[in-house]
Amino acid sequence: MITKENDNQWPLWEVFIQSKSGQPFKHAGSLHAPDGEMALLNARDVYTRRNEGTSIWVVPAKCITASTPEEVGAFFDPAFDKVYRHPTFYDVPEGVKYL
Amino acid sequence: MSTLSAGELEKRFQEKIDANLYIEPKDWMIDKYRHNLIRQISQHAHSEVVGMLPEGNWITRAPNLRRKAALLAKVQDEAGHGLYLYSAAETLGISREELLEQLHTGKAKYSNIFNYPTVTWADIGAIGWLVDGAAIINQVMLQRASYGPYARAMVRICREESFHQRQGFEIMLTLCRGTAEQKEMAQDSLNRWWWPSLMMFGPNDKDSPHSAEMAKWRVKRESNDELRQRFIDRVAPQADFLGIKIPDNHLKWDETKQHYHFGEINWDEFYNVVKGNGPCNRERLNARIKAHEEGKWVRDAAAAFINKRKSKAA
Ligand SMILES: [Fe+2]
Ligand SMILES: [Fe+2]
């Protein structure tokens, strides 16, 4: 029968993969591992079996601070009414180039 | 947002789903949604893991190196699929240990199809072609399931699955173009795997208990019968190409419906296997428990290694 051998599960790591040099790192998934080095090895075997990456980050999941979904409206509200942050807000007279 | 009433939260949850948005782990969700998803995703994960057993049976006996490398790679992929799905289930608040315990104690189910034996090499062909083929149809639908981590795992899985079905079909094709005996082996394998593959899509819509809710929550976007029909429509011409016969005398193309008509599925057999009376239920579970127990030293060694390194650093 199964005995509960390690009640304290290994920490959870979030895996980020850079697909090509120069590209941003993108979240790929997560895994459990006892430390960062083993998390890296496991991430390589689990998430890059088909050359999906040139570089991997593993981050302890507990170290991530995330915005709260329920407050999404209020949280991102400051950007809602600032149309002047976009180039389309400005008039460019016809005939003027390179603007 | 604790000020919102349960009714209001529920309303917003459903609106989000109806707007084709995704639910993420920290979002508020209906308890039953969470509960059903844990059941479905973990069943799916267990199926990937147990699914390695019937195929693993043939790795050492693959007929040549090319086939062996492909089969090894496929089985390794299935282990990865299990991991993606366990990770997705864990985001709903259940631990990996609990999930494994549910599998090992028989509390959780896995796909019925893996309770059938792989008695000839042709079965490896039939599994890739039919079993992975059926799984792909289901998984393509799930790529847009409303739960973000599940949908993302499915996108990754679907990308990896595409070679699984092809290598299976290639095995079948090689056998069908081989000697009369080899072709006979392929036919025998199709005979045994056809009906269980159709059962993979689950009971008929009218007898499917969880479907309505899961459809409303955009987890199940198409019904069991629709998916099953799509599978048959795709696979029947492939069997014709192979020159082997699907073991269903009622199977025939319906010109007006633009679908294949097919015979009645033996649901008594299905429920009998679900209840644990299939040819390999006990064997699979025991093999799974044995693998877990025999892997204990690896987990222990990794833990010991880390402790040693930590104490050195201190
Ligand atoms: Fe898979
Ligand atoms: Fe597969």
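R288(B) is buried, at a relative accessible area of 14%; buried means under 20%, exposed over 50%, and partly exposed in between, with a 1.4 Å probe and protein chains only. The residue sits in helix α12 of chain B, residues 281–294. Helices here are DSSP runs of H or I with at least four residues, strands are runs of E with at least two, and both are numbered from the N terminus. Setting aside neighbours within four places in sequence, R288(B) is in contact with V49(B), L53(B), L100(B), L103(B) and H104(B), where contact means heavy atoms within 4.5 Å.

Before I continue, the conventions. This is a predicted model, in which local features need pLDDT of at least 70 and side-chain atom pairs count only at pLDDT 80 or more, while totals for chains, interfaces and linings use all residues. Residues are numbered from 1 along each chain as its sequence is written, chains are lettered from A and ligands numbered from 1 in the order in which they are written, and side-chain values use heavy atoms, with hydrogens and water left out.

A287(B) is in helix α12 of chain B as well. Its relative accessibility is 31%, so A287(B) counts as partly exposed.

Now the metal. Which residues coordinate the iron ion (ligand 2)? They are E78(B) through OE, D132(B) through OD, E161(B) through two OE entries, and H164(B) through ND1, at 2.0 to 2.6 Å. Donors are N, O and S atoms within 2.8 Å of the metal, or 3.2 Å for Na, K and Ca; water is not among the atoms, so sites may look incomplete. Along the chain, the spacing of the donors reads E-x53-D-x28-E-x2-H. The iron ion (ligand 1) is 3.4 Å from the iron ion (ligand 2), and E78(B) coordinates both. E78(B) lies in helix α4, residues 65–90, and H164(B) in helix α7, residues 148–176, both of chain B, so the pair ties together parts that are 86 residues apart in sequence. E78(B) and H164(B) are both buried.

Another histidine, H44(B), is in helix α2 of chain B, residues 31–50. H44(B) is buried, with a relative accessible area of 11%. Beyond its neighbours within four places in sequence, H44(B) is in contact with L85(B), Q139(B), L142(B), Y150(B) and M154(B).

On to chain B as a whole. Chain B has 13 helices and two strands. For its 314 residues, a compact globule would have a radius of gyration near 20 Å, and chain B has 21 Å, which agrees. That radius is taken over C-alpha atoms, and the globule rule is 2.2 Å times the number of residues to the power 0.38. The C-alpha trace of chain B spans about 70 × 60 × 35 Å along its principal axes. Of the 314 residues in chain B, 50% are buried. Among contacts in chain B with a separation of 6 or more, 77% are between residues 24 or more positions apart.

Then chain A. How many helices and strands are there in chain A? There are two helices and three strands, in the order β-β-α-β-α along the sequence. Chain A has a radius of gyration of 22 Å, well over the 13 Å that the globule rule gives for 99 residues, so chain A is more spread out than a compact globule. Its C-alpha atoms fill a box of roughly 80 × 35 × 20 Å along the principal axes. Buried residues are 24% of the 99 in chain A. For contacts in chain A with a separation of 6 or more, the share from residues 24 or more positions apart is 40%.

Last, two backbone entries. N51(A) has a phi near 55 degrees, a positive value in a residue other than glycine. N51(A) is in the loop between α1 (36–47) and β3 (55–60) of chain A, and at 72% relative accessibility it counts as exposed. N20(B), not a glycine either, has a positive phi of about 65 degrees. N20(B) is in the loop between α1 (6–18) and α2 of chain B, and at 42% relative accessibility it counts as partly exposed.
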